[in-house]
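Open the model in your viewer and keep the selection panel at hand. Each stop below gives a selection and what to look for there.

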Amino acid sequence: MKKILAIALGLFVGLSTFSYATPKVVEAYLQNDFLIKVNGEFKYHPEGLKPLVYQNRTYLPASYIAQLLGANTTFDSDTKTVSINSNPDVGIEQEKIKEYEEKIKILEEKIEKLESSTSANSDYTKLPARIAQNGYKLTLEGLSIREEGNDGRLYFTLENEDADTGVKIDAMSTIIETNTDKYEASFQFQENLDRDLFKWIRRNEELKTYIPFSKLPEDDKEIREMTVTVVLEINETYPKKETLTFKVLND
């Protein structure tokens with residue numbers, strides 16, 4: 001604690017009541033070991049803004065305390081008045097945040113209704129699309145059309161996870177249907193045809209290949225919503241056929 005002489009001009013906030021007085025020289029103590037705690041957090045006052053003790057009362061720098069509390073101070077030298085004002089921008093920002101939150105909530109409700117409406121009116125799902133049953137899994141990966149012609153490929157993955165008797169795709173029975181057209185699998189003009197397309201897939205085996213098509217539109221995006229019918233053969237010894245139907249979006 002350091003003993004100093006100070007002029008009391010009302011520039012400090014006392015921790016008890018105070019009244020205006022004519023400026024005069026007083027004897028006060030500079031408390032270097034005092035700490036300030038705001039909302040449970042210690043705040044160390046900068047040099048030159050140490051607390052003062054005068055007549056057993058502690059005085060703290062008004063500007064620094066106001067800053068810690070989110071306010072600002074001004075001093076009117078004509079009226080010898082220290083003004084402490086809470087930051088008006090804080091209230092404005094809070095109002096803006098509240099306004100934006102309300103707008104976001106309204107948008108989220110609109111999006112939810114739109115998604116619900118879309119889901120209710122469309123049975124189509126995006127590629128890749130998968131059907132798993134009877135120990136096997138068939139995944140349609142995508143459709144592509146060659147730029148130099150109207151032939152294309154429907155890519156798929158066939159996995160035999162637990163079908164002991166084997167599974168095989170009946171490629172020629174595959175059909176793609178849109179609202180206006182119907183396309184059947186075709187091996188005409190297909191180069192480098194994957195011969196594995198015709199083999200039985202044993203248990204724990206996987207086949208990644210494609211089914212060829214011809215007479216498709218020049219742009220595959222013309223076939224956006226499509227129903228794909230695929231026929232599989234189950235049981236190599238006593239084959240039986242299973243038909244799978246995919247309703248997919250070709251985005």
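Select Tyr 210 first. Its relative accessibility is 7%, so Tyr 210 counts as buried (under 20% relative accessible area; exposed is over 50%, partly exposed in between, with a 1.4 Å probe and protein chains only). This is a predicted model, where local features need pLDDT of at least 70 and side-chain atom pairs pLDDT 80 or more, while totals for chains, interfaces and linings use all residues. Residues are numbered from 1 along each chain as its sequence is written, and side-chain values use heavy atoms, without hydrogens and water.

The whole structure holds 1 aromatic pair (ring centres of Phe, Tyr or Trp, the latter by its six-membered ring, within 6.5 Å; planes under 30 degrees apart are stacked, over 60 edge-to-face, the rest tilted). The centres of Tyr 155 and Tyr 210 are 5.7 Å apart and the planes stand at 55 degrees, so the pair is tilted. Tyr 155 belongs to strand β13 (residues 152–160) and Tyr 210 to strand β16 (residues 206–213), so the pair ties together parts 55 residues apart in sequence. Strands here are DSSP runs of E, at least two residues, numbered from the N terminus. At 30% relative accessibility, Tyr 155 is partly exposed.

Now show Arg 153. Its charged end sits over the ring of Tyr 210, 4.0 Å from the centre (NZ of Lys or CZ of Arg within 6 Å of the ring centre and within 35 degrees of the ring normal). Then go to Lys 247: its charged end sits over the ring of Tyr 124, 5.0 Å from the centre.

Next, colour the open sheet of 5 strands. The order is β10-β18-β17-β14-β15, with mixed pairing; strands pair if DSSP finds at least two bridges between them. β10 (125–126) and β15 (182–184) each have a single partner strand, so one side of each lacks a neighbour in the sheet. Strand β14 (residues 167–177) pairs with β15 in the antiparallel sense over 3 bridges. Zoom in on Ile 176: its bridge partner in β15 is Tyr 183.

Move to the loops. Between β10 and β11 (129–133) lies Pro 128. The peptide bond from Leu 127 to Pro 128 is cis, omega near 0 degrees. Asn 235 lies in the loop between β17 (225–234) and β18, and its phi is positive, near 75 degrees.

Last stop: Asn 250, in the segment after β18 (240–249). Buried or exposed? At 4% relative accessibility, Asn 250 counts as buried. A polar atom of its side chain lies 3.1 Å from the backbone oxygen of Ile 223.

Technical notes. Helices (H or I, at least four residues) and strands (E, at least two) are DSSP runs, numbered from the N terminus. A polar contact is a pair of N or O atoms within 3.5 Å; within protein, one must be able to donate a hydrogen and the other to accept it, and residues adjacent in sequence count only if both atoms are side-chain atoms.
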